[in-house]
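This briefing concerns the strand pairing and the surface of one model. Please view the sequence and the structure before reading the points that follow.

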Amino acid sequence: MKRRTAQPTSTQDPAAVRTGEHCPRTGWWYPLQAEPATPAQAPRFVGQGSVMPAVGGFPSLWLPSQAA
């Protein structure tokens, strides 16, 4: 069963979200870390509350797009 983490108490979104965590806001997200053997992954559109995906089967750190 998935362990849930407490929601941040600040009103700002986190700077990065890990694979397996829930997306704090809808938008385009870019993977920061990926397996070196895996080709660069394109950004993905993720909805609020969705679980952040893995990149090429490996966990990643996701950064939100700076574009509004």
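In β4, P31 has W62 as its bridge partner; strands, like helices, are DSSP runs numbered from the N terminus (strands are E, at least two residues; helices are H or I, at least four). The model is predicted, so local features need pLDDT of at least 70 and side-chain atom pairs count only at pLDDT 80 or more, while totals for chains, interfaces and linings use all residues. Residues are numbered from 1 along each chain as its sequence is written, and side-chain values use heavy atoms, with hydrogens and water left out.

**Sheet layout**

- Four strands form an open sheet in the order β1-β4-β2-β3, with antiparallel pairing; two strands pair if DSSP finds at least two bridges between them.
- The edges are taken by β1 (17-18) and β3 (44-46), each of which has a single partner strand, so one side of each is left without a neighbour in the sheet.

**Strand pairs**

- β2 and β4 run antiparallel and are joined by three bridges; in β4, L63 is the bridge partner of Y30.
- β2 and β3 also run antiparallel, with three bridges joining them. G27 stands opposite V46 in β3, and W29 stands opposite R44 in β3.
- Two bridges pair β1 with β4 in the antiparallel sense, and R18 stands opposite L61 in β4.

**Faces of β4**

- Buried means under 20% relative accessible area, exposed means over 50%, and partly exposed lies in between (1.4 Å probe, protein chains only).

**Surface patch and Y30**

- W28, Y30, L32, F45 and L63 make a nonpolar surface patch of about 510 Å².
- Patches are made of residues with over 30% relative accessible area and no salt bridge; like charges are joined within 9 Å and nonpolar side chains (Val, Leu, Ile, Met, Phe, Trp, Tyr) within 5 Å.
- A salt bridge is a side-chain nitrogen of Lys or Arg within 4 Å of a carboxyl oxygen of Asp or Glu.
- Accessible areas come from the Shrake-Rupley method with a 1.4 Å probe, and for residues only the protein chains shown count as cover.
- Y30 lies in strand β2 (residues 27-31) and is partly exposed, at a relative accessible area of 36%.

**Surroundings of S65**

- S65 lies in the segment after β4 (61-64) and is buried, with a relative accessible area of 15%.
- Apart from its neighbours within four places in sequence, S65 is in contact with R25, W28 and Y30 (contact means heavy atoms within 4.5 Å).
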